[in-house]
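Here's a friendly tour for anyone opening this structure for the first time. Have a look around, then read on.

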Amino acid sequence: MGEKIIKLPDVGEGVAQAELVEWHVNIGDLVREDTMLAAVMTDKATVEIPSPVEGEVTWRNGDIGDMIAVGAAILKIKTASDGGEEEVGIEPTVPASQPEPLSVGPEPIAEKPKPAPEITPPKQIATVGPKSGGVGQGAPRAEGEKPLAPPAVRLRAKEAGIDLRQVPGTGPAGRITHEDLDMFLSRETGSAVATGLQLNKSVQEVKIVGLRRRIAEKMALAKSRIPHITYVEEVDMTALEELRARLNGNLKPGKPKLTILPFLMRAMVKAIAEQPGINAHFDDEAGVIHQFGGVHIGVAAQTPSGLVVPVIKHAEARDIFDCAREVARLSEAAKNGTVLREELTGSTITISSLGAMGGIVSTPVINYPEVAIIGVNKLAIRPHWDGTQFVPRKMMNLSSSFDHRVIDGWDAATFVQRLKALLETPALIFVEE
Amino acid sequence: MKEIACKLLVIGTGPGGYVCAIRAGQLGLDTVIVEMAKPGGTCLNIGCIPSKALIHAADDFYGAVAMAAGKNAMGIRAENPAIDLAKTMAWKDGITGRLTMGVSGLLKKAGVKIVVGRAKFRDGKTVAVETETGQQVIRAENIVIATGSAPVELPALPFGGKVISSTGALSLTEVPGRLAIVGAGYIGLELGIAFAKLGSKVTIVEALDRILPLYDTQLTQPVAKRLSALGAEVLLGTKVRGMSATGEALLAETGDGEEKRIAADRVLVTVGRRPVTEGWGREELELDMDGRFLRIDEQCRTSMRGIYAIGDVTGEPMLAHRAMAQGEMVAEIVSGKRRNWDKRAIPAICFTDPEIVSVGLSPDEARAGGREVKVGHFPFTANGRAMTLSSEEGFVRVVARADNHLVLGIQAVGTGVSELSAAFSLAVEMGARLEDIAATIHAHPTQSEAFAEASMRALGHALHV
């Protein structure tokens with residue numbers, strides 16, 4: 001009989017530790033080779049750790065949410081083969097669907113708390129109820145049976161004016177413990193209201209782990225470091241929508257369907273050419289701004305597995321169809337969970353778009369250390385005063401945030417006004433200057 | 001004499017009354033207690049304590065007699081052991097004296113005022129006490145009746161002359177040559193065994209067809225065996241008629257109508273105790289009764305506001321520790337605390353030879369509700385400590401629910417098992433399961449190991465049997 005010690009593998013360049021986000025096996029489980037043992041998460045991605053051997057799990061180290069150092073032993077597996085303790089290195093599997101936490105508008109996080117895939121089921125603490133077990137543990141108290149409680153619990157209940165018959169006992173044989181009484185007391189204070197509506201004073205504790213923790217940290221970093229200035233402007237999308245409808249109506253085979261995003265991307269490329277300071281990373285610790293020639297646009301999007309921000313690399317070198325194709329490909333990959341880690345990193349500016357959920361105004365949070373984020377609000381037909389009368393126009397707001405340390409209000413406004421001009425007169429997007 | 005007004009007045013300084021008063025004093029209640037004889041009541045003066053003293057003396061003497069007769073297996077020999085019962089009684093009185101003094105001291109320490117005399121209710125708030133120096137009227141917001149109980153007298157055998165009660169038996173200065181005992185309850189048997197050991201020819205007459213009717217035969221059988229070994233005769237199903245005309249003998253009639261003449265120097269009547277419900281002015285009050293007893297609720301409240309009753313006057317079991325617990329509870333209730341009687345069990349002990357202890361339900365009582373039970377039984381013959389004490393008679397028995405192993409009752413019979421009652425009571429009161437007891441380390445070598453073993457046996461895995 002041998003024993004394999006499974007250590008946390010090197011999960012990425014420069015990564016010294018990873019957060020344990022899920023155990024796939026319990027002690028005593030029999031595993032085959034390549035059975036997934038655990039998932040850990042680095043800044044970039046979730047890494048699944050497969051078993052290199054077949055055997056029985058005999059030891060497990062760490063709880064969900066713990067930071068594990070690379071090289072630390074995390075599991076022991078008893079194997080049938082000979083040989084004493086053996087350390088095993090594993091090639092981690094980097095899977096897909098690992099969303100890069102990115103600062104986008106607050107909506108996906110605040111209003112749509114879809115648990116990220118790596119978040120374990122909420123651990124509910126505020127639950128009482130008789131536990132039942134096998135023989136000896138005993139069933140919950142039967143109707144009319146006297147409550148079972150030690151004298152000290154009885155005394156406390158009496159002093160608190162509590163009828164122990166009302167208190168569920170979780171102890172052996174349904175014994176009411178001090179904890180049961182605490183729980184009951186905490187619920188009791190404020191009891192039933194005359195309407196029959198009950199106060200719910202339960203508190204659920206959900207451990208913030210994995211992607212959610214990454215997002216939380218990054219949001220806090222962005223908001224604490226960056227003084228945001230958010231600028232909202234309305235854009236008349238009527239002309240662009242006519243153009244888009246026409247292009248989509250006569251699509252040549254192989255050409256992707258166009259959404260608003262490729263137009264916005266191309267407009268951004270144009271505007272950035274005039275204001276390169278917008279497409280930059282501000283290394284505030286070094287006091288250096290890196291202005292990028294390439295425009296790598298992160299596009300925040302919700303997928304069934306959570307918030308995903310794939311990056312359209314080098315938008316400056318892609319035409320409108322190419323942009324559309326790349327957006328479609330990446331969002332499809334994100335939905336399927338086949339998006340690569342490289343495709344989730346390296347953005348220089350970000351678009352936050354929630355389509356029909358886009359609302360009227362948002363206050364997007366900049367994806368640190370970027371300096372700008374463009375928020376797309378909902379497109380809607382609104383009355384527009386053309387000088388003589390109200391006419392129905394397809395209007396859409398852009399809510400954009402800028403790092404006010406390095407971008408003045410004037411520059412921010414100039415950039416957004418440039419985007420507005422380009423989008424309202426879409427031909428300008430395609431004119432080579 | 002100037003009237004006394006107080007928050008709490010306790011009538012009777014037995015274990016219920018004095019505990020109630022001490023606790024009330026501790027809680028800062030202005031408390032008065034009335035005692036007509038000596039503090040400590042029946043328990044300290046003419047009950048629990050003196051009888052245990054006599055039983056201990058009898059055991060020692062009997063052991064010495066056995067040594068003298070060459071019947072000591074350990075090889076100890078003695079010659080001509082003798083007992084001076086008058087000295088035994090003086091020693092016993094010394095113990096009770098110290099204890100009653102102690103009670104007085106504790107009452108004073110707690111700031112309780114003691115009034116000596118016979119108390120009589122005038123109304124629900126007023127009591128008059130006839131003291132040596134005149135009548136003392138006490139007005140109290142709350143009154144606790146703790147008047148206790150007294151031996152039952154048989155009309156055919158009025159106390160006096162040869163016919164004595166337990167009180168009389170505990171003050172005999174000579175061992176009676178022939179002692180007839182009427183009633184095979186625990187008092188009769190405790191004293192009967194003691195006098196048999198002291199050398200009396202004991203005959204016990206019981207109207208029912210068994211001894212110690214409160215306990216099952218499994219528990220009483222070792223006691224019956226011991227009685228027989230001690231040469232005590234037990235006449236079951238036999239009714240007493242009275243004394244013979246000459247006063248020489250006790251007349252009785254057996255179940256088959258046979259006339260029995262039991263020559264006796266003393267006739268001890270122990271046919272039970274009656275609550276003391278007269279002589280303290282109950283007629284001035286409107287107290288509901290529960291048979292012979294004062295009716296109380298789960299807070300020891302009588303049917304009159306502000307009047308509580310505790311102890312033997314309130315019913316069975318007439319045990320000092322029940323009265324003490326009630327007294328403590330009532331003091332706390334009067335002080336404003338929320339309390340009610342919520343005990344799971346009241347232990348009961350027979351200081352016979354061997355001793356019997358019972359806490360909670362017996363197997364039959366547990367089954368009576370139609371409940372399935374597990375019973376674990378561990379004999380002292382398999383217990384090392386019992387062997388070293390030459391006391392292998394008896395066993396520990398644990399009764400638990402079959403479904404969740406909750407311990408419902410624990411009984412034991414054997415030498416010295418009275419001290420095991422602490423563990424038994426705690427287990428039942430805490431709601432222990434068989435597993436709790438089985439998994440608790442019981443010190444070796446002690447008789448208490450039999451407790452854990454009985455629990456293991458109920459679980460099907462006793463180690464030493």
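One definition before we start: a residue is called buried if 20 or more other C-beta atoms lie within 10 Å of its own. By that cut-off Asn404(B) is buried, because 22 other C-beta atoms sit within 10 Å of it. Keep in mind that everything here comes from a predicted model.

**Around Asn404(B)**

Where does Asn404(B) lie? Look in the loop between β23 (395-401) and β24 (407-414) of chain B. Glu435(B) is 31 residues away from Asn404(B) in sequence, yet the two C-alpha atoms are 10.0 Å apart in space.

The loop between β23 and β24 of chain B also holds His405(B). This residue has a positive phi of about 65 degrees, although it is not a glycine. Most residues other than glycine have a negative phi, and most peptide bonds are trans. His405(B) has 25 C-beta neighbours inside 10 Å, so it counts as buried as well.

Stepping back, chain B has 465 residues, and buried ones make up 47% of them. Its secondary structure comes to 13 helices and 24 strands. Take the contacts in chain B between residues at least 6 apart in sequence: 65% of them join residues at least 24 apart.

Which residues touch the most other members of the largest nonpolar core? Out of 146 residues, they are Leu9(B), Ile11(B), Cys20(B), Val144(B) and Val407(B). The element that gives the most to this core is helix α6 (residues 186-198) of chain B, with nine residues. Another core lies apart from it, with 82 residues, among them Ala39(A), Val235(A), Leu344(A) and Val416(A). In soluble globular proteins, nonpolar side chains tend to be buried together.

Val407(B) is worth a click. Beyond its neighbours within four places in sequence, its contacts include Val398(B), Ala400(B), Ala427(B), Val428(B) and Leu434(B).

Helix α3 (residues 48-68) of chain B has 21 residues and reaches 30 Å from its first C-alpha to its last, close to the 30 Å expected at 1.5 Å a residue. Its buried residues include Ile49(B), Pro50(B), Leu54(B), Phe61(B) and Tyr62(B). What covers the buried residues of α3(B) includes α2 (41-46), α4 (85-109) and α6 of chain B. Just after α3(B) comes Gly70(B), with a positive phi of about 70 degrees.

Over in chain A, helix α6 (residues 260-274) has 15 residues, which should span 21 Å at 1.5 Å a residue; its end C-alpha atoms are 22 Å apart, which agrees. Why is α6(A) described as largely enclosed by the rest of the structure? Because 12 of its 15 residues are buried. Among them are Leu261(A), Phe263(A), Arg266(A), Lys270(A) and Ile272(A).

**Strands in chain A**

β16(A) and β17(A) run parallel and are joined by four bridges. Ile351(A) stands opposite Ile374(A), which belongs to β17(A). On to the next pair: β17(A) and strand β18 (residues 390-403) of chain A run antiparallel, with 12 bridges joining them. Leu379(A) has Met396(A) in β18(A) as its bridge partner. The hairpin of β17(A) and β18(A) has four residues between the strands, and in it Gly387(A) takes a positive phi near 115 degrees.

| Cis peptide bond | Omega |
|---|---|
| Tyr368(A) to Pro369(A) | about 5 degrees |
| Glu316(B) to Pro317(B) | near -10 degrees |

Pro369(A) is in the loop between β16 (349-353) and β17 (372-385) of chain A. Pro317(B) sits in the loop between β19 (307-309) and α8 (320-334) of chain B.

Chain A also has Ala173(A), whose phi is positive at about 60 degrees although it is not a glycine. Ala173(A) lies in the loop between α2 (151-159) and α3 (178-188) of chain A. With 24 C-beta neighbours inside 10 Å, Ala173(A) counts as buried.

**Where the chains meet**

Key:
Residues are numbered from 1 along each chain as its sequence is written. Chains are lettered from A and ligands numbered from 1 in the order in which they are written. This is a predicted model: local features need pLDDT of at least 70, side-chain atom pairs count only at pLDDT 80 or more; totals for chains, interfaces and linings use all residues. Helices (H or I, at least four residues) and strands (E, at least two) are DSSP runs, numbered from the N terminus. The expected span of a helix is 1.5 Å times one less than its number of residues. A nonpolar core is a set of buried Ala, Val, Leu, Ile, Met, Phe, Trp, Tyr and Cys residues joined through C-beta atoms within 7 Å. Two residues are in contact if their C-beta atoms, placed from the backbone, lie within 7 Å. Two strands pair if DSSP finds at least two bridges between them.
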